[in-house]
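Let's take a friendly walk through a protein model. Have a look at the fold before you read on, and try to follow the chain from one end to the other.

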Amino acid sequence: MGTIFHQPTPVEDDGQGFFSEIKGKFWRSLESHDRFIRSLGMATQLLRQPWIWPDRRLLRRMGTLERLGRWKIQEWKDDVSVRAARLDFFSAFRDLAGPRLKQIPDWSDRRRLNAILATFESHLGVPDPFCRPTRARLELTDACNLRCPMCPQGFWDWKRTYAEEWLLDRAAELYPWIYEIDLTSLGETMLSPHFNQCLERLEPHLQVQFITNGLLVNDKNALLLAKHITELHVSIDAAKTETYQKMREVESFPKVVENSKRIVRFKEELGRGLPYLVFNFTITQKNLEDLPDVIRLAADIGFDRVHANFLSVWVPSLNQDSVYWIRERACEVLDYCDGLAQELGVTFLHPPKPVPEHEEESDFHRFCAEAWEFIHLRAEDKITVCCVGAEEYHAPQGADWEAIWDGPAYQNFRKRVNLPDEQAPPLCRSCLFGRDVKPGHPRYHFHEQAVAEHIQAKVIDPFNP
Ligand code: SF4
């Protein structure tokens, strides 16, 4: 979940007139919070004069307007007067730019304007945004060749589905709008008979992410990955056969290493410099001590990054695998791995260390923009609002994704996603993306109650919620 690629729209040369002021000295002056409010107020008044904003000027200035709108948005988020001025500015921008969005002829301009609208409209919390998604996930199958105990594949049963070709048509309708597509599925995407076709139909402007268990990477698939993917994650979770067996219940560790080397070989042969290669590592009590050797392995075979996350306990049977119970040792290992990764030139990403002070924290509020920025096309005739599927809508063949995006169920979800505590949908209440919970707190690790409540929920008719 969340974005890996999207950056704020670059700021253009500010040119002449009013905006010539918005250069070096001007931006520095915005360090003053009163000055910022005044400038934002002035820009808001200008945005409310549509006659001075022909499309060309709006498109030329949109990067500057975005920069102004996002100025110190995190740092000053609790300042009431800044917030009021900022929302007024966002609202004026939305009124000006929203109705024009679909008339912008150039798709690259339209995507940029859409991304700004998505940011501003999410902060406004409008249930009926003009914006379309800027990122998407496309699931080709929820079937998997493994049954890892820490994954729903291991602890839930359902009828596995393979997407039919029409889902690629639905995805293709989205592509002009979005910057990023994630081909990760609840299963192993490479099992899909449409995997090859899906990659061939991607548009060149798209950044493509994909998480695989790596066991189906033969020469043909390695070539496809080296050719089409921007960032490839291989879930490895172990540095030796015994640990891999405990984590994934198969003795395929040598195979995943061999296949990872194969990807590196094809990447080098193609000379594209991509995909950026990542080993994923879910930290549990079973594999914590393997983490240093996974970093050594990444350095040895040419992976760029190791990305570690703590196990999410979704069902009670996983409870004792959590490193929450051995937080001190987890901190020591992460400290050691930080130094090791630096020494070996591998990027090592992980959540903050699970220090005891986190337990004292009680304010978990954080803002989630997924319902304005993201859409998830599922293999099983469904559209969901985020990668964990906080709410799911029927979307059979022939259903229009845009009508669902604009429909009453999606609107209703947007009204609730950022509500406090019990008023938010069940998964949002304990979601690490939507809530500011840190790993020293049990809420970070244990989600059994929210998940149990969520799975009672029905798939919703998007037009009759
Ligand atoms: S807060 Fe809710 S909508 Fe946002 S990512 Fe989490 S579960 Fe999904």
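Which strands does helix 12 (residues 291-301) lie across? Helix 12 lies across strand 5 (276-283), strand 6 (305-310) and strand 7, and it runs at about 170° to strand 5. Helix 13 (residues 327-344) packs on the sheet too, touching strand 5, strand 6 and strand 7, and its direction makes about 155° with that of strand 7.

Before going further, a few ground rules. This is a predicted model, where local features need pLDDT of at least 70, side-chain atom pairs count only at pLDDT 80 or more, and totals for chains, interfaces and linings use all residues. Residues are numbered from 1 along each chain as its sequence is written. Helices (H or I, at least four residues) and strands (E, at least two) are DSSP runs, numbered from the N terminus. Angles run from 0 to 180 degrees between N-to-C directions, with axes fitted to C-alpha atoms, for helices over the stretch in contact. Residues touch, or are in contact, if their C-beta atoms, placed from the backbone, lie within 7 Å.

**The sheet**

The protein has 19 helices and ten strands. Ten strands form an open sheet in the order 7-6-5-4-3-2-1-8-9-10, with mixed pairing; two strands pair if DSSP finds at least two bridges between them. At the edges sit strand 7 (347-349) and strand 10 (392-394), each pairing on one side only. Neighbouring strands of this sheet are turned by 20° against each other on average, direction ignored.

| Strand pair | Bridges | Sense |
|---|---|---|
| Strand 1 (residues 135-138) and strand 2 | three bridges | parallel |
| Strand 2 (residues 180-182) and strand 3 (residues 207-212) | three bridges | parallel |
| Strand 3 and strand 4 (residues 231-235) | four bridges | parallel |

Individual residues show the pairing well: Ala136 stands opposite Ile181 in strand 2, Glu180 has Gln207 in strand 3 as its bridge partner, and Thr212 stands opposite Val234 in strand 4.

**Crossing over**

Strand 2, helix 8 (residues 195-200) and strand 3 make a right-handed β-α-β unit. From strand 3 the chain goes through helix 9 (residues 219-228) to strand 4, in a right-handed β-α-β crossover. Right-handed means that, with the strands pointing away from the viewer, the path from the first strand over the helix to the second runs clockwise.

**The whole protein**

Along its principal axes, the C-alpha trace spans about 70 × 50 × 50 Å.

Technical notes:
Two residues are in contact if their C-beta atoms, placed from the backbone, lie within 7 Å.
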